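Below is a briefing on the model shown here. It groups the points by topic.

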Amino acid sequence: MLKKSLIALATGLALSTAAFAQDKIDIVFIGKNTGNPYFDSLTKGFVEACEKIACNFEFVAPATAEATSQIPFIEAQIQRGVDVIAISPNSPDALNQVFDAARAKGIIVMTVNGDITGNESHRDLTILPTDFTKVGADQVEMVGSLIGYEGEIAILSATTEAPDQNFWIKGMNEAIKDPKYAKMKLVATVYGDDQPEKSTTEMEALLSNYPDLKGVIAPTTVGVAAAAQVVQSRGIADKVKVTGLGLPSEMRDFVKDGTVEAFQLWSPYNEGWLAAHLAVDLKAGKAKNEVGSTFEVPNLGTITINEGNSINTQSALTTFNAENIDQFDF
Amino acid sequence: MNIVRSILVRRETGIAVMIVLLCLAVGLYKPQFLTLNQLRVILLLVPLIMIVAMGQMLVLVARHVDLSVGSMLGLSAMLAGMMFRDMPYIPWPVGFIVAIGAGALLGLINGALVTVFKLPAIIVTLGTLNLYRGLTFIVSDARQVDRQFVPSALKSMSQTSPILGIPWIIFMALGIVLLAWWFTRHTIVGRQIYALGSNPSAAELRGVKVNQITLLVFTISGALSGLAGIMYASRWGFVNPSNTGAGFEFQVIAAVVIGGVSINGGVGTVPGVMLGVLLLGCVAAALPLLGIPGTAQGAIYGAIILVALLIDRSVRQQGIASLKVARA
Amino acid sequence: MSTTEASATPSTAVQDAAPARPFWHVALVRPETMTLVLLIAAIVVASYLSPYFLDLGYILRSFTLSAEFALVALVLTMVIIAGEIDLSPASNMALSACLFAWAQASGIPMPIAIAIGLLAGLAMGALNAFMVIALQLPSIIVTIGTLTLYRGLAQIIAGDKSIRVPDWFIGIDKVMVLGIPVPVVIFIVAALVLGLILAGTIFGRQIYQIGTNEVAARYSGIRTRRIKLILFLLIGLVSAVAGMMTASRLGSVRYDLGLGGELQMVLMAMLGGTAIFGGRGTILGTFLAAWLLVVVSTGMTVANLLPAIQLTVLGVLLIVAIIATNFIYSRTQR
């Protein structure tokens, strides 16, 4: 009894009974860390998909998002003999060996929401939230439209070596060369390490070092909330525009009080929904993990497997503003 | 002459000089460091550390240590945050009572383990550091309390100001500092903490109730951590089971040790600790302004702790030397 | 403590007239017994929690994930018995591994790179020793400082990125000796050697004497400072070895290698019955405690329990272990 309730607690969802386990496939999703609101929504996508199709789902995650903390969890899933491991990797390379061990046992390893850039051969496929090549340009356009395409802008990122962040920052640096943005100048890129305290001091330093700053792009959920809070507490929302990638649940207040006019993200829910459907289809032989092959996902339509066995959940970022923010519950 | 001398050799003077030199050096390179705005940034960085450091100081003076402050902060903040989220009909100031009460209870448990079982505080609080953090995850079901659930009146305490543009939480921290100063200087119990820390067996013989004092300092440390917990919710607007308060113990102990509190017990002053906290705050604010990457921050903090230890040692030796001179 | 025991006994019997403890009492009423009982209990509970747990291959594989910490914990046990503590080994592991990886990545031949890593470990041990022994600062605060400093330096050297090690160097945990992964073998051999040194040599007895009463030990001619220096150097060196074992297991090195490992190491020593104030403890206890910790965390992970429950259980275990240890020592102390 205690065991049952503990497991229910661990997954945070009602488990379907083990009696059907034979004909359902077992999927486990390993998040970056527990207590991370981002993964609540992603997990919900998995859960609701597995209520409709033939899969058992469990969510586990280490207490901290440190590079090696996911290894014991992957080892444990290999031992449990699950069919599919979906994971948001905490490290681009420290997991290579244990991924190989899992795949040697016939487990499908899919990275979700972030890839092991540079070590793609150690996983089967990756499910990304959107087309990452467009994120940089979309974000520059977003901040441009907020500041009237004129003035100094800065980037507040997460950690200096986060692959996705750096890929997007590269995209921003490319995009800003467009003549459309000729009057905009990217003056600094700083790193808040995805900690609220650190992000706040970095944001304060930006404002001190660049008194003429007009806009800040923070393509990280922690960073954009911290930047918004600094602007809110200094009362300079009309002078400095903050945007970036944020969670509606964390940004709602800032949008409603006018601190932030608009920001962007994708749907984490759809990532989980898609991953579960793909996992079941792959195991049932209905889909093939080959570049160029396609498969159908309810509500999302036809999905194509792109170069590098990578899949985009949606083609462009969703923009959130005062008009639509209440329609999103994550 | 003697007064001048005694001010000069005081530990607090040394820290104050270090702060001034640091600020001047940074200001020379980046003039915007010496502006009122920057002072505001520094002051907003320190209230949480300041409050918890006052409790930690009392624990250290009594010859113990409390490593669980970060986890107590997290758990009490989470309990208050969950009350805000799940019971919005309760008036928000009750959150203060919940957080401080929870913190005091957790601190009391630490103190009880230390006194009843005669266990070393460092191991007890290393255990409760994990235990309380684990409980935070369990009570919250590993879910964050989002910004929208934290009452805006509470959040505005970190932003709105009664006077001179200085937000409320800074005044609260200042109030705690004054209270701690009065407690250590002008109450019998406060003085007894020092007696206990300087020489536990002698203190006991003199009628100091060792167990009660030990329970008291741990409870105070817990209650102040709880207060810092609800102020975390005010300052950052959310409560997260894994981030809130994590690693706080290192910052607090660093600040307290820099402030001249001896880990051998019996020594430490409120102004010293206050300056120690401010010094850390100045460093934290100066690094990003100078463009020093966050990667260097750990090394700098570590070096500061070691330097403070060395200063502490040379001060102690000078003190012993001057005692010998005085006797001769 | 012993005096209160004596006063509780009836009559006015003097203390040294207390009857000798029977052999079974000496052999069984000791902290290691508690650790062993907990270990067996943990195995039973873990097998009950998950049908996938009881598989020797899996347990051994899981042990390789903690083998590096367990190895350092053996030496840490000796440091604690000598009345000191070192909280910096996990950071030492990160810094020496980063220096090693950085050296070999910048083209320095492998043997020299390994030597650089090991020397770095020794140097870090030497810095701790200097502050503690020569400057007479308390080791707990010194090593909290160097804990932050060493990892900070690793972060400056490696930045936020990971450094790869060559392919042939990867996978020490996949190499088997008699079906046992090499890191586990290293741990077992180290435990045997250190156990013999601590229990069977004069050097070992002197470590206990320093921890029991350093002043008395010094007056009876024991070179306390030299022995402590040896211990700090040894733990520095072993940490460097552990750092490189981790590098081989992971295939890459990052500044956060072994983050938080100091807690696990202290936990292993405490659970094994080492007295935090020094003078008491055994390698056998730490050896058993290492397995206990691995069984507890592996059992909970494979049962898909919330990691928070692991934190809670580890915290409770630590407190229970130290209460039990204190209790047992107070009952057996004469």
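- Strand β6 (residues 151–157) of chain A pairs with strand β8 (residues 213–218) of chain A over 4 bridges, in the parallel sense.
- Opposite Ala154(A) stands Val216(A) in β8(A).

**The six-stranded sheet of chain A**

- Another open sheet in chain A has 6 strands in the order β2-β1-β3-β4-β5-β13, and its pairing is parallel.
- Its edges are β2 (55–60) and β13 (310–314) of chain A; each has a single partner strand, so one side of each is left without a neighbour in the sheet.
- Direction ignored, neighbouring strands of this sheet are turned by 20° against each other on average.
- Strand β1 (residues 25–30) of chain A and strand β3 (residues 84–87) of chain A run parallel and are joined by 4 bridges.
- Ala86(A) in β3(A) is the residue that stands opposite Phe29(A).

**Helix packing in chain A**

- Helix α3 (residues 71–80) of chain A packs against helix α4 (residues 96–104) of chain A at an angle of about 10°, and their axes are 10 Å apart.
- An angle under 35 degrees counts as roughly parallel, so α3(A) is roughly parallel to α4(A).
- From α3(A), the contact uses Ile71(A), Ile74(A), Glu75(A) and Ile78(A); from α4(A), it uses Val98(A), Ala101(A) and Ala102(A).
- By class, the residues of this contact of α3(A) with α4(A) are 6 nonpolar, no polar and 1 charged.

**Confidence in chain A**

- The average pLDDT of chain A is 86, and 93% of the residues score at least 70.
- Over residues 1–22 of chain A, pLDDT stays under 50.
- For that stretch, the model has 20 contacts beyond four places in sequence.
- Where pLDDT is low, predicted coordinates should not be read in detail.

- Chain B has 15 helices and 0 strands.
- For 328 residues, a compact globule would have a radius of gyration near 20 Å, and the 20 Å of chain B agrees with that.
- The C-alpha trace of chain B spans about 70 × 55 × 35 Å along its principal axes.
- Chain C has 14 helices and 4 strands.
- Its radius of gyration is 21 Å, close to the 20 Å that the globule rule gives for 334 residues, so chain C is as compact as a globular protein of that length.
- Taken along the principal axes, the box filled by the C-alpha atoms of chain C is roughly 75 × 55 × 35 Å.

**Helix packing in chain C**

- Helix α5 (residues 89–105) of chain C and α12(C) cross at roughly 135°, and their axes come within 7 Å.
- This angle makes α5(C) oblique to α12(C).
- Pro89(C), Ala90(C) and Met93(C) of α5(C) meet Gly261(C), Glu262(C) and Met265(C) of α12(C).
- The residues of this contact of α5(C) with α12(C) comprise 4 nonpolar, 1 polar and 1 charged.

**Contact of chain C with chain B**

- This contact takes 36 residues from chain C and 35 residues from chain B.
- On the side of chain C that touches chain B, α7 (139–158), α12 (261–271) and α14 (307–332) of chain C each supply at least two residues.
- The most comes from α7(C), with 13 residues.
- The residues on that side of chain C divide into 25 nonpolar, 9 polar and 2 charged.

**Contact of chain C with chain A**

- Here 30 residues come from chain C and 28 residues from chain A.
- On the side of chain C that touches chain A, α4 (56–81), α13 (283–302) and α14 of chain C each supply at least two residues.
- The residues on that side of chain C divide into 14 nonpolar, 9 polar and 7 charged.

Technical notes. Residues are numbered from 1 along each chain as its sequence is written. Chains are lettered from A and ligands numbered from 1 in the order in which they are written. This is a predicted model: local features need pLDDT of at least 70, side-chain atom pairs count only at pLDDT 80 or more; totals for chains, interfaces and linings use all residues. pLDDT is the predictor's confidence in each residue, from 0 to 100. Two residues are in contact if their C-beta atoms, placed from the backbone, lie within 7 Å. Ala, Val, Leu, Ile, Met, Phe, Trp, Tyr, Cys and Pro count as nonpolar, Asp, Glu, Lys and Arg as charged, and the others, Gly among them, as polar. Axes are lines fitted to C-alpha atoms, for helices over the stretch in contact, and angles run from 0 to 180 degrees between N-to-C directions. Angles under 35 degrees count as roughly parallel, over 145 as roughly antiparallel, 65 to 115 as roughly perpendicular and the rest as oblique. Two strands pair if DSSP finds at least two bridges between them. The radius of gyration is taken over C-alpha atoms; the globule rule is 2.2 Å times the number of residues to the power 0.38.
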